[in-house]
Amino acid sequence: MIFRPLRQKIAVADSIIQVENLERDFGNVKAVRGVSFEIERGKVVGFIGANGAGKTTTMRMMVTLDIPTAGSIRIDGRDVVDEPAEARRRVGWMPDAYGTYDNMTVFEYLDFYGRAFGYKGAERRRRVEEVMEFTDLTEIADRPMDTLSKGMGQRLCLGRTLIHDPDVLVLDEPAAGLDPKARIEFKNLVRLLAGQGKTIFLSSHILSELGEMCDHLLFIDGGRIVHQGTTESLTRDHTVEALVEIRVHGDPEALYAWIARAPGLEIADRLKNGARVRVADAGNECLAGLLRTLVREGLAVTAFFKLERRLEEAFVDMLKSKPPPIP
Amino acid sequence: MASFAAPSDFADWLSPMLVKELRQGVRSRVFMTAFYLTQGFMILCVIFSLVAAGDGQNRSAFGFLTGLFWFLIGVPLILLMPLRGFGALYGEIKNGTLELVFLTRLSALRIAAGKWMALMVQTLLLVCSVLPYVLLRYFLGGVNVVDDLQNLVFLLFISGMLTAVTVAVSPYESRILRAFFSVGSILAVVVLIPVVVNLLVMSRTGGAFRSATSMGLVWAGAVLFVPAFIFLCLEIAASRIAPPAENHALTKRLIGLYFLPAAAVWVFLGASFSVAAGLAMLCLAVVIIDALAEPHQFVRSTRRAFLRWGRIGQPAALMLTPGWVSASWFLLPLALLGGGLLWLQGQAAETKEVLKCVAFLGGLIFPAALIRLFAPGTRFFLAIYLALQFFFVVLTVLVAMMGSFSRESLVLALTPIPTCTFLMGVFNSHEYSQHVSGILGVTMAITLGSLGILLARTITPLRDIRRALSQTPRQDV
């Protein structure tokens with residue numbers, strides 16, 4: 001289990017990020033309210049929430065770019081407010097939008113950050129070359145950075161994040177705006193980094209992708225953590241009904257008529273040769289019984305399968321079912 | 001694997017920000033254009049000088065060409081390069097790149113200093129590129145090459161100060177303030193260029209700076225004030241972009257305190273009291289306005305640093321932590337030091353000098369007190385403050401321009417506004433001299449009242465700090 005409520009003071013062997021009762025107000029607007037979680041070293045954690053939910057505000061406080069109104073954040077034991085320099089050395093931050101510099105090449109950009117992190121001479125050149133190789137930027141090292149595509153730019157931005165070899169990577173919407181190919185490349189890079197033991201904390205709107213990449217997920221809504229756990233736990237815990245796709249040979253009208261009469265079934269979507277059907281009881285026995293009945297009724301069933309709920313749907317269901325916020 | 005030969009064009013010991021800015025800066029269109037135009041105009045200027053020399057050294061033509069020569073050098077050095085400072089930090093803030101730089105080991109001051117340094121190196125490149133033309137003019141005769149080189153160094157000093165000022169205001173994102181600063185700077189420079197060119201031409205033809213003593217005093221003044229002023233400007237820039245946990249108020253306010261003894265030393269070396277005090281006041285005005293405009297934010301770590309100082313930690317934290325609350329308390333030691341030095345200089349007996357000093361302080365804090373009284377929660381403190389000061393200056397100018405009929409009563413009517421009183425004093429208004437004791441009394445009362453309002457307004461935030469500290473575990477504080 002990655003996330004432990006801090007108040008229980010469970011001895012965490014290797015917790016690298018500790019967030020306790022975090023709050024951030026902007027005037028009268030409470031952007032973050034009492035957020036607490038801990039993340040173990042080497043885990044990939046997804047941070048999910050709608051626009052304005054408090055994701056970026058929380059992340060900016062984690063990387064010392066903003067100060068909490070209340071609460072605390074520790075990165076590898078270092079308080080981000082009291083020891084910002086120490087915390088920064090351990091964190092790499094990739095914002096959702098990175099700015100470009102005029103009149104600067106890819107190499108010069110990374111070289112600048114290498115210098116800024118205090119690397120000298122051959123060591124700096126080695127770091128920059130390693131990062132360029134890892135992010136596949138070597139061939140475009142001489143290209144002006146304001147001519148890069150979005151995908152190349154994101155790789156460059158990730159490269160900059162890695163230049164000082166931080167233990168923790170905080171990535172805000174890293175895959176936003178990327179084409180499918182660049183998205184897959186980026187996902188592979190994250191997997192490689194996770195394999196190297198980096199702790200990765202990333203936010204995204206593409207929930208299905210986060211589900212594939214992350215060990216655990218944190219859901220934030222209205223500035224509060226509303227759910228934390230694995231992809232499976234989310235789809236399982238917040239499932240209220242199942243969707244079954246049934247296909248038949250020939251005219252599906254008989255199928256529609258039968259479903260309309262059957263208790264506990266409802267057509268969700270009419271297909272060319274079948275239907276997606278909402279089933280109140282999604283247990284395996286019930287589904288097997290349903291299939292048997294369909295065949296017995298003389299319907300020529302050619303396909304019958306349960307549709308896996310997507311993470312997005314589970315998320316929406318979860319938001320619908322969560323209790324109203326405490327005023 | 002694709003190979004890439006990494007260039008090693010800049011040494012490791014150079015500031016990372018300087019390297020980055022130079023790489024970008026010397027490729028920028030503004031620098032290239034300024035460089036080519038300067039070269040072109042210099043060539044034309046030398047050709048005209050050659051023609052004038054061939055005509056038998058017509059003195060008026062030669063004077064004109066000398067003026068033109070320094071004007072052509074002055075425009076890029078005093079106008080173009082310093083104006084580039086406006087975009088130094090603003091561009092980074094707008095692009096969202098500054099935050100990424102903060103996450104490195106570079107402090108806000110190193111970032112600001114790197115920006116300034118890079119602009120100065122580019123200015124130096126321009127200066128170096130005109131050196132051959134300075135020497136060419138020597139061969140045409142009638143030119144003292146040492147004077148010319150000295151003039152170039154002075155231009156470089158002025159350029160350095162102006163660039164530092166533009167870098168200092170470059171983090172401001174408010175459009176109103178940026179427009180205000182831009183117009184103000186251009187006006188100041190447009191006024192400054194002819195003044196500087198005139199002084200440089202006069203220095204060639206036997207003007208103000210000819211004597212070795214006065215030149216020595218000018219150099220002494222430059223050494224005493226210019227580096228500190230540039231450092232102050234860079235600290236102001238740094239404080240505007242720094243994370244809240246970095247305390248730049250301490251350095252800025254200590255530099256502010258430094259200007260007072262620096263002025264005293266300059267007077268001791270032989271400078272006129274009015275000039276030295278005027279220069280110190282100009283620098284102090286920057287410190288005080290910046291301090292009073294700082295937003296108040298309580299950060300434990302900045303306060304903790306002071307509490308390590310033992311007994312003086314508490315009062316030091318009260319006066320030297322960031323924000324207008326501590327700035328209000330900082331005014332007390334500043335006023336005491338200023339008063340002490342005034343007394344030591346023997347100027348305390350001069351009512352007019354005392355009045356100027358009191359009106360200067362009052363002029364700076366009176367608008368601040370008005371804002372804290374009537375709009376305490378405003379986010380536009382600096383804009384309102386500058387607007388009020390601008391209004392007071394315009395009011396004074398209008399009164400000064402009026403006929404003698406109603407002027408005395410108007411001058412006296414403006415006495416409750418210390419900014420007006422200060423300006424009247426600086427320009428030696430006749431009416432002002434006649435009622436100096438009465439005006440001093442009113443100005444003193446207004447100044448103390450303004451200070452009282454500011455200090456009273458700090459009570460609530462200070463109580464909040466005390467409450468926050470009492471809720472924090474002792475070892476954390």
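Contact is taken here to mean heavy atoms within 4.5 Å. On that basis, residues 24 or more positions apart account for 78% of the contacts in chain B with a separation of 6 or more. The model is predicted, and local features need pLDDT of at least 70, side-chain atom pairs count only at pLDDT 80 or more, and totals for chains, interfaces and linings use all residues. Residues are numbered from 1 along each chain as its sequence is written, chains are lettered from A and ligands numbered from 1 in the order in which they are written, and side-chain values use heavy atoms, with hydrogens and water left out.

Chain B contains 21 helices and zero strands, where helices (H or I, at least four residues) and strands (E, at least two) are DSSP runs numbered from the N terminus. Of its 477 residues, 49% count as buried, that is, under 20% relative accessible area with a 1.4 Å probe, protein chains only.

In chain A, four strands form an open antiparallel sheet in the order E12-E13-E11-E14, two strands being paired if DSSP finds at least two bridges between them. Strands E12 (265-271) and E14 (301-307) of chain A stand at the edges with a single partner strand each, so one side of each is left without a neighbour in the sheet. Strand E11 (residues 242-248) of chain A is joined to strand E13 (residues 274-279) of chain A by six bridges, the two running antiparallel, and Arg247(A) stands opposite Gly274(A) in E13(A).

Definitions and conventions:
Buried < 20%, exposed > 50% of the residue type's maximum accessible area, 1.4 Å probe, protein only.
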